[in-house]
Amino acid sequence: MELIDGIRGRRSVRAYLPDVVERSEIEALINAAILAPSAVNQQLWGFLVIQDRALLTRYSDEIKPRVLATLAHSGLPPSFAGTLRDPGYHIFHEAPALVVIYATSEDPFASIDCCLAAENLMLAAHARGLGSCWIGLSQGFFDDEAMKPALGVPPGWHAVAPIILGHARELPAAPPRRKPEVIWRG
Ligand SMILES: Cc1cc2nc3c(=O)[nH]c(=O)nc-3n(C[C@H](O)[C@H](O)[C@H](O)COP(=O)(O)O)c2cc1C
């Protein structure tokens with residue numbers, strides 16, 4: 001696959017087959033993620049992997065009321081409350097795997113590095129025939145200090161990019177892009 005075709009063809013996938021994503025596949029994606037550039041090559045990222053679908057469903061059920069309680073300050077439209085109250089709405093779109101990319105330091109560049117690693121991971125997933133989607137709705141949950149002992153995540157880590165992975169059941173159409181605002185100076 002040409003790189004530009006991969007960039008054009010990657011989509012946020014929200015419908016998955018139940019097929020397991022093998023550990024070796026996830027390792028390959030993480031190995032692609034860490035090829036991203038990072039400030040002073042510090043590579044201040046860490047990865048949490050969850051492959052237990054029942055656990056993801058439990059977390060989805062826990063996250064929905066949390067997001068609902070803070071909806072007014074979340075930047076989400078008030079109409080999203082209906083979606084969050086819908087028992088059929090699964091935050092992780094019933095994906096079989098989740099990788100959360102954490103900044104492992106307070107360094108202000110660390111979270112930027114993690115975003116670059118996230119795009120690498122999503123593009124690598126696409127190149128390997130897997131779907132992915134960044135689940136920002138779950139970021140607060142994975143960043144919650146009270147949750148970290150149960151997740152096995154060190155207290156100093158900060159959740160940046162929760163990304164679901166799986167074999168796509170449906171590929172969405174490409175959402176349109178706005179014309180970029182570009183200032184040409186000189
Ligand atoms: C920071 C961030 C947070 C996102 N959070 C969610 C989310 O919680 N749930 C979801 O279904 N999609 C989420 N998305 C996916 C976007 O909705 C998606 O990238 C956008 O609609 C463009 O579609 P595309 O990725 O297929 O190009 C998120 C994307 C980003 C970059």
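Q: Does R58 count as buried, partly exposed or exposed, and what is its relative accessibility?

A: Buried means under 20% relative accessible area, exposed over 50%, and partly exposed in between (1.4 Å probe, protein chains only). R58 counts as partly exposed, because its relative accessibility is 48%. This is a predicted model, in which local features need pLDDT of at least 70 and side-chain atom pairs count only at pLDDT 80 or more, while totals for chains, interfaces and linings use all residues. Residues are numbered from 1 along each chain as its sequence is written, and side-chain values use heavy atoms, with hydrogens and water left out.

Q: Which side chain meets R58 in a salt bridge?

A: Side chains of opposite charge can pair when their charged atoms come close. A salt bridge is a side-chain nitrogen of Lys or Arg within 4 Å of a carboxyl oxygen of Asp or Glu. Here R58 meets E62, at 3.5 Å from N to O. The two are four residues apart in helix α3 (residues 53-69), so about one helical turn separates them. Helices (H or I, at least four residues) are DSSP runs, numbered from the N terminus. E62 is partly exposed too, at 30% relative accessibility.

Q: How many salt bridges does the structure hold?

A: The structure holds seven. One of them joins K148 to D143 (3.6 Å, N to O), and another joins K148 to E145 (2.9 Å, N to O). Through shared partners, D143, E145 and K148 form one network.

Q: Is K148 buried or exposed?

A: K148 is buried, with a relative accessible area of 1%.
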